[in-house]
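I opened my notebook to look at one protein chain. Here is what I looked up, entry by entry.

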Amino acid sequence: MSILQVKNLTHTYGIGTPFQRSAVEDVSFDVNEGEFLGIIGHTGSGKSTLIQHLNGLLKPTSGQILLNGKDIWAEPKKIRNVRFQVGLVFQYPEYQLFEETVYKDISFGPLNMGKTGAELDHCVREAARLAGIRDDQLDKSPFELSGGQKRRAALAGVLAMEPQVLILDEPTAGLDPAGRENLMANIRDYHRNKGTTILLVSHSMDEIARNADRILVLKSAHILMDGPPPEVFARAEELLSAGLDVPQVTRIAMALRARGVAVNPAVYTAEALEKEILALRRGEKRC
């Protein structure tokens, strides 16, 4: 069942000026309830413009965004309620932190939703736990935290609103490898335990490959590909020609095929490549 539907979405900047351009143009796709959707595309492909439409931060030039079957702009005065249901964590979200303590920062959204007292406290502490923030960090200033901890605090601030859809824009950008994996592990746990629909925008093909059920590829304001990871990464040459990367394992598989090794072109994880190689050693036929 679709929780989000994007119908013929176009957003044009600078209308009527010499700088007029469409950042997304006639884009349509559905997002299923509980799905983990990866969104990839080179810089300028329209990713950021697209996701800012999904919770009403931007209004379409034409087209519709439907949340649970209802146009989010049907009642413009209620667009604020859409932002409680579709939570967006921006790239470098630590720049959004502003309160005196981590606790107050996380509680900002739920407070604006009308939550108080024990209900508010539960939301804050549960969101902090899900994001990997310890109780002893809640009374600290968010500006005393490390970069990774600030990301977690910003993520917790969105999780505390218990959104139906969580959109993450490059959540691990700038973190070291350990910090990236720790944060993504929390996001995977959250998705597995809560079943919340997640949209992940990332330049890391390995990050997308390890987490997404389905991948949307944008190029020059349009959808280039839309499908499960094996289907998308089987078109590795096309991704590379579009200025995108592919997972490291896919590059290895491509190099093996170039040397005449019959490795499945849809391989994109280390586990799948291992199975391919073991099957070849056993003499099993592979396409």
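Which residues in helix α3 (residues 102-112) are buried? I found V102, Y103, D105, I106, S107, G109 and P110 to be buried. Buried means under 20% relative accessible area, exposed over 50%, and partly exposed in between, with a 1.4 Å probe and protein chains only.

A note on my source: this is a predicted model, where local features need pLDDT of at least 70, side-chain atom pairs count only at pLDDT 80 or more, and totals for chains, interfaces and linings use all residues. Residues are numbered from 1 along each chain as its sequence is written, and side-chain values use heavy atoms, leaving out hydrogens and water.

Next I looked up what covers the buried residues of α3, and the cover includes α2 (79-85), α4 (117-131) and α5 (147-159). After α3 comes G114, with a positive phi near 95°.

Then I turned to the whole chain. I listed 11 helices and 10 strands; helices (H or I, at least four residues) and strands (E, at least two) are DSSP runs, numbered from the N terminus. The chain's radius of gyration is 21 Å, close to the 19 Å from the globule rule for 287 residues, so the chain is as compact as a globular protein of that length. That radius is taken over C-alpha atoms, and the rule is 2.2 Å times the number of residues to the power 0.38.

I also noted that buried residues make up 48% of the 287 residues. My last entry is the box that the C-alpha atoms fill, roughly 65 × 50 × 35 Å along the principal axes.

Definitions and conventions:
Contact means heavy atoms within 4.5 Å.
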